[in-house]
Amino acid sequence: MKFTLSWLKEHLETDATLTEICERLTMIGLEVESVDDRAVFEPFVIARVVSAGQHPDADRLKLLSVEAGPQVNEGKPLQIVCGAPNAREGLVGVLALPGTYVPGIDTTLAVGKIRGVESFGMMCSERELELSEAHEGIIDLPGDAPVGTRFADYAGLIDPVIEINLTPNRPDATGVAGIARDLAASGLGQLKTAEPARIEGEGECGVGLTVTSETCLGFALRRVSGVKNGPSPEWMQKRLKAIGLRPINALVDITNYVTFDRGRPLHVFDAAKVAGGLTVRDATEGETVLALDQREYTLPAGTCVIADDKGVESIAGIMGGEHSGCDETTTEVLIESALWEPLDIARTGRTLGIITDARYRFERGVDPAFMEPGLDLATQMVLDLCGGTPSARLVEGVKPHQAKEITLPWSEVERLTGLAVEPDEQEAILGVLGFSPRREGEALVTTVPSWRPDVEGKADLVEEVMRLKGVNEIRPAPLSSHMAVNGKILTSAQTRNRAARRALAARGMVECVSYSFVSEAEAKAFGGGASALKLANPISADLSDMRPSLLPGLIAAAGRNAARGYGDTALFEVAATYLSDKPDGQRRVAGGIRRGTAGMDGPGRFWSGNAEAVTVFDAKADVFAALDAIGFPADGLMIETPASDWYHPGRSGRIKLGPKVVLAEFGEFHPRVLKTLDVSGPLCGFEIHLDRVPEPKKKATRTKPVLTLSAFQPVRRDFAFVVDAAVEAGRIVKAAETADKALVREVRVFDVFAGAALGEGRKSVAIEVTLAPTDHTLTDDELEAVSARIVGQVEKATGATLRG
Amino acid sequence: MSDTDALEKELLTAIDQAEDEAALEAIRIAELGKKGRISDMMKGLGKMSPEERKEAGPRLNGLRDRVQGAIGAKREVLAEKAIEARLQAERLDVTLPVRAGPAGRGRIHPISQVIDEISAIFGDLGFQIAEGPDIETDYYNFTALNFPEGHPAREMHDTFFLQPDENGERKVLRTHTSPVQVRTMEAQQPPIRIVIPGKTYRQDSDATHTPMFHQLEGLVVDTTSNIANMKWVLEEFCKAFFEVPSLNMRFRPSFFPFTEPSLEVDIQCDRSGSEVRFGEGNDWMEILGCGMVHPNVLRGVGLDPDVYQGFAWGMGIDRIAMLKYGMPDLRAFFDADVRWLEHYGFRPLDMPTLFGGLSQ
């Protein structure tokens, strides 16, 4: 919403400065978005062309001698090169001197040389000053315009333009009068908006009117006969231009003026172009209208329109039609002031994609009680500017406004804001706003004015009093304290997120936050792509599906980094994946990938040893470290192979909790998936389903288990087994561990190899078993016995033979 | 000069010239060993007359002690030399680089770090951290928050919709974290003090808007909390978060469907330089929206607005991260460019705490 300072002052008697007004507007909730103090116009001076000759070297250029009073160039004429066809001796125009910023060409002038001739300034066109689009020639002022004075003063251009960022709840402030009312209620001046005089008119409107659309809540129409339409007066054009509107002609300009002056959109029809009567009805499917913006719109069925016998003349509440619009030939005008259902106007405007000043107001809710006064106001302006005789009003279907009544206890403002405001002051503020408060007991009983559809209850009135009294008056007051040390505030899920994050970062991985949506191909490659998880209006085709996994985003990120020349990346993310559109379908996952040689010890070549390509074991180590960090060490959990389809079937595994619950998966990726994502390896990765990790057991105390330190040295024994190549090392370790649970403390695989000597399809797995006796040093016999048990267990479980 | 004097001179010279331990040992054996020269001469003392012995004894003993001492001294010199030689041989070029440890290479994303910072501050104020789903129903995202059907306020949200289900109902990606207010109030009786950090989505994309971003919602509901309390909480939070001793904040009336009265909050700052400085300058930068929970929202979750009251606010986590740490472009947050993450990310062991400072 834009307006000028002089316009505001037409409604508000105030001595406040521009700065004070702008500050106050912001502090009462009408946030000032921008202020243009029009200082840009100050340097332009009125000048006279003393002589105009031909440029020696250019047919279309003239050489002007221009004088601009005693202040400019010590009263001596300036030489100026000018290409305007209307430049001539005696012309009085607008001069920009070197050093002046000219807004229309976004340039600061310098002394220039044009085709070899120096030019000491520029005679400006209206477009160069951004006054209009006119650029056929330079500004041609009346001959008596005061040469040597500021053009801005002469043309009245120094009228600051204020733009406020209006919140959608304030239709009343879509008019300058409403803004003035708010400022007056805040104590910044006196409201002086006059009530429009009632005009009864003579004779019938002379146009049949039928209203059948539910969107129409009221329709008032009047004919003014014998009007003479032409340009609107200078003052009106100036204001309209200042707020960015293009003056058309007096009849159209009046409707725009009232729209901004009172927040009351209007429409004018050229009565001569209306065939038969007007009907306010819902459009049928496929009806079209050529609107005032010169575009043809195909209207969805149910769009409320104003039509005549030939077809649609106007889209109700949004935009008029080109056909019946008013121009210089109009002598009979129909002025329309109507009321429309806000939600319908909002929907139609959205569907058609039309943003207009009328829609802006109707969808917020135009003052229903001002429909007829608005018509009278416009009528008076038409009579004043275009002459003519008004008919009587033709009014259809308006329901009387039912004012809401709200009781505001005196204490309510303080209850909600902490600010004590005297009842007298509350009453005064609400009074200026038009709420007609009266006292009843310890409360104010108010009626809500017709222009404030946003006010529904006590809390709204509290806001009115608060914002007009001043939010700054509210002193901050501490929140009541718990009076105790605050305990842990995170849930165990939140703690685990943090722990997983920090643990993975501590393993040299870099945390990413990537979009929750991926492309359909990416989603499908990782088990997703369900229709319930597709966006109906994605921002682009590659961000269309809610991700089933963190991996496609991470792999794609690694690909982007590789394309930038950073191929060795270790990335992770702790975030949500989506199995369904239900709240419990949102899963909490820690995922990571390593690409190239980005192992934990660092990537790339190095003098002390080059990093090797990442493998499934890098991913496995990340999983184990993260699980350990969240307090759920995975040692001893089942590892099943392979993992999901997107992993390499021979180089991946999954960690399961029981037969059904997959806790984590890790591995290298399936080449087909990498091809789909168009990212090359080596790449490995993992996902841990953090929300499947069981809740930690509630403990009565924080005491750790008793620590028993054995006085006897541990003994280490090595065993090398030859097994079938398919036998997993994990089974050998497990068998050795279970051989003597009390004595075996650790089993470590220290060598794995396959070779011709072992025979086809065989491999050797060597383990070091640490035996930790607790009550005596092991005797040779005992050592032999336990060794035999280990060998026996392993042989029994895996078919291994001990190497000699 | 006696024989022994000549011998001593000869031996001390030989000892001095011994090149290594072995040469020294050879001298020792030849002179002081069982069959050594000096040992033999010492054995001869027994055959001497007392007078001779009286003269020769001290002389030979002195000779033996001095030779022995010289050998010992020389041995230490040689040992020292050997260490010197070894050290020389073991010399390494210590300017060769070492690999950075993993904890030096890893990074925490600024959003995670800032959420930890926020948690530290609000934990101190007695708040819990709440969460909710990203995929929401129209009811929780709009209706329960007093957004009327078809109202322009809904339009302002540029909502992402999912495909309609069999009943024609469309789920939405939550456009703000406010639905969690409703979910929390449905699940828990006042007093409530929660903050809700989370992902939010709007169909928008430019330098300051991304289709996904992060919000921090706050909610306090009890029987007394008012705007004065809200101002205090937000001012204390901003001072603590931006780590400045004072800050000028401007609360100005605004509109949100789910709060009444509603306010927007600006911080005074100086943006003339390359970094934003708080508490000085002429700029006001909007950082959050807030207000008293709307009576309709309270009623919707079964709370009587004449008994219960409270306030709520929402602010952009990415935005306050940008303000504090100076990232110029929001889009880069979600691009996973490792150069950006290394530069703006945080080390895994930089844990924000109030006792140690939120940032280093």
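Into which domains is chain B divided? Chain B splits into domain 1 (2-89) and domain 2 (106-344), with bounds that come from an automatic or database domain assignment. This is a predicted model, in which local features need pLDDT of at least 70 and side-chain atom pairs count only at pLDDT 80 or more, while totals for chains, interfaces and linings use all residues. Residues are numbered from 1 along each chain as its sequence is written, and chains are lettered from A and ligands numbered from 1 in the order in which they are written.

**Confidence**
- The model has an ipTM of 0.89 and a pTM of 0.86.
- The mean pLDDT of chain B is 90, and 98% of the residues score at least 70; pLDDT is the predictor's confidence in each residue, from 0 to 100.
- Within chain B, helix α8 (residues 152-155) has the lowest confidence, at a mean of 66, and helix α13 (residues 338-344) the highest, at 97.

**Domains**
- In chain B, the centres of domain 1 and domain 2, taken over C-alpha atoms, are 92 Å apart.
- Chain A is assigned domains including domain 5 (492-692) and domain 6 (715-802), whose centres, taken over C-alpha atoms, are separated by 34 Å.

**Where the chains meet**
- Chain A gives 78 residues to the contact and chain B gives 71; two residues are in contact if their C-beta atoms, placed from the backbone, lie within 7 Å.
- Elements of chain A that give two or more residues to this side include α2 (18-27), α13 (492-506) and α15 (551-563).
- By class, the side of chain A that touches chain B has 40 nonpolar, 19 polar and 19 charged residues (Ala, Val, Leu, Ile, Met, Phe, Trp, Tyr, Cys and Pro count as nonpolar, Asp, Glu, Lys and Arg as charged, and the others, Gly among them, as polar).

**A sheet in chain A**
- Seven strands make an open, mixed sheet in the order β30-β33-β34-β38-β37-β36-β35 (chain A); helices (H or I, at least four residues) and strands (E, at least two) are DSSP runs, numbered from the N terminus.
- β30(A) and β33(A) pair in the parallel sense over two bridges, and strands pair if DSSP finds at least two bridges between them.
- Val510(A) lies opposite Leu571(A) in β33(A).
- α13(A) packs on the sheet, and its direction makes about 5° with that of β34(A); axes are lines fitted to C-alpha atoms, for helices over the stretch in contact, and angles run from 0 to 180 degrees between N-to-C directions.
- α15(A) also packs on the sheet, touching β33, β34 and β38 of chain A.
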